[in-house]
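Morning, everyone. Let me put the model up, and then we will walk through it chain by chain.

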Amino acid sequence: MKKAGAVAAKRGSSLWLQGLICGALVTLATPTALLAGALLLPSLIVHLLDTTSGKPTLRAVLLFGLAAALRPLLALWTGGQNTETSLALLSDMAVPALAWSAQGGGWLLTQLLPLLVRVGLEAQTRIDIARLRAERDRLAEQWGVDGET
Amino acid sequence: MLKPRPEQPPPRAAGAAPPAAAAGQPSIAGRYAVDVAQPLPGAGGGLPAFVATDRRDGRAALMAVQVAPGAPPRAATFAALADHSDPCLLRPLAYGAAPGPDGAARWFVICPAPPGPALWPAGASAIRPWSEADLIARLLRPAASVLADLQARRITHRAVRPDNLFLDAAPGSPAVLGCAWASPAGAWQPAAFEPPYMAMCAPAARGEGRIADDVYALGVTLLTLALGRVPLAGLDAEAIIRRKLEFGCFEALVGEARLVPMIADLAGGMLAQDPDHRPTPALLADPAAARARRVAARPPRRAPRPLEVGTLAVSDARSLAYAIARQPEAGARLVRLGVADHWLRRVLGDTTLAGKIEEVQRQRAGEGGAEDAAADARLVLKAVALLDPLAPLCWRGTALWPDGLGPALVAETTDAATRARIEEVVAQEIAFTWGGARGEHGDLLALRQEVKLQRGLLKQRGWMGGLTRLDYALNPLLPCRSPVLADRPVARLDELLPALEAVSARADRRMAPPLDRDLAAFVASRIEGRPDQDLAALGEAGTPDETALTQLAVLAHLQSRLKAPPLPGVAGWFADLTAASLDGLHNRETIAAQRAAVAAAVPAGLLPALLAVLDDAATRAADAEGHAAAQAALEQLDARLAALADGGAARHEIALRIGQEATAVLGLGALVVAILVAALG
């Protein structure tokens, strides 16, 4: 009980810290927050929806999103870092489209890659089972032991 | 008393082959053919005899004496007389089986045929008395010479009597001692021709005796021929023994008859009660010297008032011993109650003997009450030995000499109760007790060794021990009596394997292993040296396969040791019995290889090779080890298969984790690339 309470308290303080950082970012760097928030909107959604431990989907989506949002953010910071520039960048549909597509691709990969790996593992398992059964049958025949168990 | 016999056929001229001695007949020892169509009545020393021929040299002056069932020949005499050449003795030449008059296999001892008729014509009640000169020249001297030779060879004849002594037709020819080898020693001797201490035993239980017993029988023969009649004819054995004990042998046999002084003196010495007082055969060869050195024995002390022992009334110590031996229950009661020692002391006047009997009576009192039959039997044993140190071992009404124990065990007249009594004698080392009680008579040390040996044999485990083992161990020429052999004659070890090979052809015999208790005891007794472990294991409890393999090991050992010919039948017999043992193996290839090896070994008939296949410990151990390893491997495989079958969820987790990690890595890679691109321009 005591430990669970401590974890909940830590999570509460982390949430508070995240809110403080976000608040500070929105207050002190509004254009950057606007651009980043718009470009990383899918990651924000995944953050809200992904309840798995460690949030592996969020991690992948966020990494792809950051990779796609890096150039617009650099452009914002080199272009005066104001709200107009931020809105101008967002008004170019290619910028958010690329960022969102990258995050979508990241999400797709988190769905497809486990499936592919699973297929590969299952195939290997079937091969192993066949080999082991053959070896078992050979031993059983050679030593007169009863058939399959 | 001499038994009437059919008329003796005329003697056959030496070298003239009998017409029926055909070359195709089975032969004994590979050379002697028996012609059962030509009997030789009265020639076999009490046993049926037939004309025999030596196929090597065509010698026809031979006879085959048929051995009676349960009365094996005397083994020691065969070896001892192998190089004997005195024509005055019909020495044994061979022993073996041949078809008997009824067509079945019978055992025969081959001897030279008698040179002429017996001294006592068959069926005669009296003959013309011999002259003193003839008695000495034709009977005493040649017979004494033969007996001296036998004594030098440490054997006895034990069948010296007028109807087993033969004369050539030539005038003045010496008497020839007949066959005495085809039955236990003294088995066919009438009571008159045996000292009382021999005559009181069953015929088969008299033992080999001493040469002095042959001198005694020669003395009775001398009397018979001198008188022209058989002494004490018409009396039964018991009456003869009692008269001899009561009056002395010479006095009982001669009675009121008149003898020439020379013969009377000689016979008196030869018939002395104590064998140590009789002249030796060498001394008898010089009758004048033998007459001069006659030992004057004191006549037995007689009591003025007889003592009643059961139904017998006795007046002297030796007769008392005989009566107690014959009626052990009444005798034991007399001794136990002190009647015997009182009679000995007060009536007979023998205080020394009375003191000895009183001592055993005291010992008996300390052993238990009157109901203790075993203590009574020991009391009787000691009392008889003390009263008559010459008497045989008397145990519960059975009288025997320790060296007659073997033939007594297997005699046809021996019933189960007698065998049980003999077993007691061996198991309780009664002979040693008896030897100790009779004092200086006999070699106690040798007797102790023999007693220990016999008891050791009796007490051996399984089929190596028991009375059956004693049957064969104490009767070296006793044929094997196993029902497995049916009517196949087997008396020597080298005859066993061919007989089993012949038996193996019978399908009904192949259902069970070939060796039984009789065969095992026979092999153990006939094999040289100590029986090996396999032989000792015979009869012990085990699975049928183990039993068969143990028996195969025994026979394989025999085949190797005796260099016996191939035995494909016996090998097939064991292959059938042990077929299931190969199923005990696990590896299919090994089983197939073993079956092929067995199939190859059976026609070859080599039991050691078959045993090596069937009892291959290394192969069995390797098979068991391989089987255990295979089972362990199978268990591992099963576990791995089960894990694979049940591992779907785990694999899903792994795939998910790997996929997510891979996606994260790709994302990180994309970020790094983006950073690099931004940094570079």
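How many helices and strands does chain B have? The secondary structure of chain B comes to 29 helices and 12 strands. Helices here are DSSP runs of H or I with at least four residues, strands are runs of E with at least two, and both are numbered from the N terminus.

Quick ground rules. This is a predicted model, where local features need pLDDT of at least 70, side-chain atom pairs count only at pLDDT 80 or more, and totals for chains, interfaces and linings use all residues. Residues are numbered from 1 along each chain as its sequence is written, chains are lettered from A and ligands numbered from 1 in the order in which they are written, and side-chain values use heavy atoms, leaving out hydrogens and water.

Overall dimensions of chain B next. Its C-alpha atoms fill a box of roughly 165 × 70 × 40 Å along the principal axes. The radius of gyration of chain B is 38 Å, whereas a compact globule of 681 residues would have one near 26 Å. That radius is taken over C-alpha atoms, and the globule rule is 2.2 Å times the number of residues to the power 0.38.

Burial in chain B: 52% of its 681 residues count as buried. Buried means under 20% relative accessible area, exposed means over 50%, and partly exposed lies in between, with a 1.4 Å probe and protein chains only. Chain B exposes about 28,700 Å², and carbon and sulfur atoms supply 56% of that. Accessible areas come from the Shrake-Rupley method with a 1.4 Å probe; for residues, only the protein chains shown count as cover.

Contacts in chain B: among those with a separation of 6 or more, 67% join residues 24 or more positions apart. Contact means heavy atoms within 4.5 Å.

Now the sheet. Chain B has an open sheet of six strands, ordered β1-β2-β3-β4-β6-β5, with antiparallel pairing. Two strands pair if DSSP finds at least two bridges between them. Which strands stand at the edges? They are β1 (27-28) and β5 of chain B; each has a single partner strand, so one side of each is left without a neighbour in the sheet.

Look at the β5 end. Six bridges join β5(B), residues 94-99, to the antiparallel β6(B), residues 105-112. Ala97(B) has Trp107(B) in β6(B) as its bridge partner. The two strands form a hairpin with five residues between them, and Gly103(B) in the turn has a positive phi of about 90 degrees.

Further in, β2(B), residues 32-39, runs antiparallel to β3(B), residues 49-54, with five bridges. There, Ala33(B) is bridged to Thr53(B) in β3(B).

On to the core. A nonpolar core is a set of buried Ala, Val, Leu, Ile, Met, Phe, Trp, Tyr and Cys residues joined through side-chain atoms within 4.5 Å. The largest one has 198 residues, and Met63(B) and Leu139(B) touch the most other members. Helix α4 of chain B, residues 211-227, gives the largest share, 11 residues. Leaving aside neighbours within four places in sequence, Leu139(B) contacts several residues, including Leu119(B), Trp130(B), Leu218(B) and Leu222(B). A second, separate core has 14 residues, among them Leu35(A), Ala36(A), Leu40(A) and Leu90(A).

Phe522(B) and Arg526(B) are among the buried ones. The buried residues of α21(B) pack against α19 (466-473), α20 (496-503), α22 (533-537) and α23 (544-562) of chain B.

Chain A has six helices and zero strands. Of its 149 residues, 32% are buried. Its accessible surface comes to about 9,400 Å², 70% of it from carbon and sulfur atoms.

Is Ser43(A) buried or exposed? Buried, with a relative accessible area of 4%. Beyond neighbours within four places in sequence, Ser43(A) contacts Leu58(A), Val61(A), Leu62(A) and Gln103(A).

Last, the cysteines. A disulfide is a pair of cysteine sulfur atoms within 2.5 Å, and the count over all chains is zero. For Cys88(B), the nearest cysteine sulfur is that of Cys111(B), 15 Å away. For Cys201(B), the nearest is that of Cys394(B), 7.1 Å away. Cys88(B) is buried at 10% relative accessible area, and Cys201(B) is buried at 4%.
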